[in-house]
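Hi,

Here is the structure I said I would pass on.

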Amino acid sequence: MNALEVENLSFGYTPENTILKDISFEVIQGRFLAIAGPNGAGKTTLLNLLCGLLRPKAGSIKIDAAPVESYSVKRLAQKVAVVRQEFVPVFDFTVAQMVSMARTPYLDTFGFEDKTDIQMVNEALEATDTARFALRTLGSLSGGERQRVFIARALAANSPILLLDEPTSFLDLKHQVGIYDLLKTAQLKKDKTIVAVTHDINLAAQYCDEILLLSADGNYQIGETKDVLSPEQIEKVFGVRTFVGRLGQEKFFIPLGKFAKDSGKTADISHNIQYK
Amino acid sequence: MAEFLTVKELAVKISICLAVLVVVMCLCAIVGTQNISMRRVFDGPGQKAGENIDYEIFIGFRLPRVILAALVGAALACSGVVLQAILRNPLADPYILGISSGAGLGVMVAVLSGVTWNFLGGSPIGIFAFAGALITVWLVWYIGHFTGKSQVTSLLLAGVVVNAFFSAVIMFLTSIAKSEQVHSTIFWLMGNITDKSLLVLWVSAGCILTGIIVLFAFCHRLNVLALGREEAQSLGVDVARTRIAAFACAAFVTAIAVSLSGLIGFVGLIIPHGVRLAFGPDHRQLLPISAIIGAGFLVIADTIARIIVAPAQLPVGVITAIAGGPFFLILLAKYSRRVSWLK
């Protein structure tokens, strides 16, 4: 069953300017899709369209076979959880308070959590290893810890679909991998459909089932990550040559700049790596 | 493990704060230029008028005034909480949206046009202030939405512009008014809690308390709204509708407070801050506790205004401003490490 269906989608912020042109794709429930492309290609715009924050100029978006416009704001939040880049809120909410906000679409008139809400929040805090600083304020955490809190909030919403906008953009290597490990676990254990905007094609290659490559000229390509990601395709979309390596079944890409000593060669280095 | 705010826990906190408020109100009602004894008050009214002066002063003058101060304090504090959340600006207060200048202009119009009719047994000045405040808030909201996409910034800017323009009009009207007309408005502009008819008091109490209960129902959405528009919508809050409804309710409650007491500054700014620093930013707790502490604060401030230069009286706005500034600085110094936006 398709969790998301996008048909002939076009969008522009002004009538003359169209960022996304005639895009169509589906995401099957339980799959992990990466959206990658150069700056200004419309990745975040596409994400905002998928979560109903923007309305398409033409075409349609369906969530669980129903048009996104047919959902109320509350109902849509129960279906789709969104994680944007981490930030420090104006007021000093604690981690537990922030994660509890995921339950807003389920709360009664005066907005107090019931047992189910509390259980969901606690499970999300445990799953993301944020329970140990549940009572600390968001401002007192590091960027990586805060991003984990926002992912905990998305998990606490218990929605079948997760949309993420560059969840690892300001994080160090350990936290980048940590965040994607978390997401992959949620996908596999809870059958979540995940769509993540990312600049990191290596993380996408490692964790995502499919990838949507958006070009700045409006062209796009979607398919299995291993099929879509090639040095030619990456050069076409990003305008950068890459060195491609293989690690077992997985490919990895190293971008090559003007000063790169070697260029454009593909090497299989799997035999050079010794695991202890 | 995380801790969650439960209805029971909140009820206990509210009950304790309410009990303290009642004690403060009773103590403040006893204090005054005329000493009265609580024992005599409990003796009741006596057979004929003038037999038990203590009772008559307490019930007839002090208690209504203390209740009035409490209502105004609660309204201004709640309004501050709500506007700070909607505008995502810890420095917002009920007056930033032009409420003060609008109400002031309403009063100037009433005084200059020499209205003499009676409303609910009281002066019509309050009605003009109420109308002026509401019209200005509507104007600010309209300009804020008309001018830009970033509603928060344009609302704040519209408030500043309207405030400046109306202040200029007030100054112009003051300069052409007769001196006795000016005198009667100056006390009002400085914030002054004077005796109101019991009917005005009960009608206002009903409106303010209803407003606070309605605002309380918005509190969990205010938590989310304070994170920003995109975040709030993703978390299932209808941003436009919630903003309009909460804003209208806060403006209504403030307009009533302003019409009752004139312009009393600082309450809407420092009380939410103080309560947020002590109890945290969860609006479900912040709003009711701010209401009670705001009520207590203004009751005490009004009592000081009544007695400090007795037999004369100071406008309570002077006391809140003098006490509010240093109090705010003490709070900042004590809690600044806990508040990230102060860093």
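This is a predicted model: local features need pLDDT of at least 70, side-chain atom pairs count only at pLDDT 80 or more; totals for chains, interfaces and linings use all residues.

Let's start where the two chains meet. On chain A, 36 residues are in contact with 31 residues of chain B. The elements of chain A that each give two or more residues to that side are α2 (73–79), α3 (95–100) and α4 (115–127). Sorted by class, chain A's side has 23 nonpolar, nine polar and four charged residues.

Now for a helix pair inside chain B. Helix α3 (residues 53–86) and helix α8 (residues 198–225) of chain B have axes that come within 9 Å and cross at roughly 25°. Because angles under 35 degrees count as roughly parallel, α3(B) is roughly parallel to α8(B). The crossing of α3(B) past α8(B) is left-handed. If you want to find the contact on screen, α3(B) brings residues including B:Leu68, B:Leu71 and B:Cys78, while those from α8(B) include B:Ser204, B:Ile208 and B:Leu215. In this contact, 18 residues are nonpolar, one is polar and none is charged.

Last, a loop residue in chain A. Is A:Asp172 buried or exposed? A:Asp172 counts as exposed, because it has 12 C-beta neighbours inside 10 Å and the cut-off for exposed is 12 or fewer. You'll find A:Asp172 in the loop between β7 (161–165) and α6 (173–190) of chain A. From A:Gly30, A:Asp172 is 142 residues away in sequence and 28 Å away in space, C-alpha to C-alpha.

Cheers

How values were computed:
Residues are numbered from 1 along each chain as its sequence is written. Chains are lettered from A and ligands numbered from 1 in the order in which they are written. Axes are lines fitted to C-alpha atoms, for helices over the stretch in contact, and angles run from 0 to 180 degrees between N-to-C directions. Helices (H or I, at least four residues) and strands (E, at least two) are DSSP runs, numbered from the N terminus. Angles under 35 degrees count as roughly parallel, over 145 as roughly antiparallel, 65 to 115 as roughly perpendicular and the rest as oblique. A crossing is left-handed if the near helix is turned anticlockwise from the far one by less than a right angle, and right-handed if clockwise. Two residues are in contact if their C-beta atoms, placed from the backbone, lie within 7 Å. Ala, Val, Leu, Ile, Met, Phe, Trp, Tyr, Cys and Pro count as nonpolar, Asp, Glu, Lys and Arg as charged, and the others, Gly among them, as polar. A residue is buried if 20 or more other C-beta atoms lie within 10 Å of its own, exposed if 12 or fewer, and partly exposed in between; C-beta atoms are placed from the backbone.
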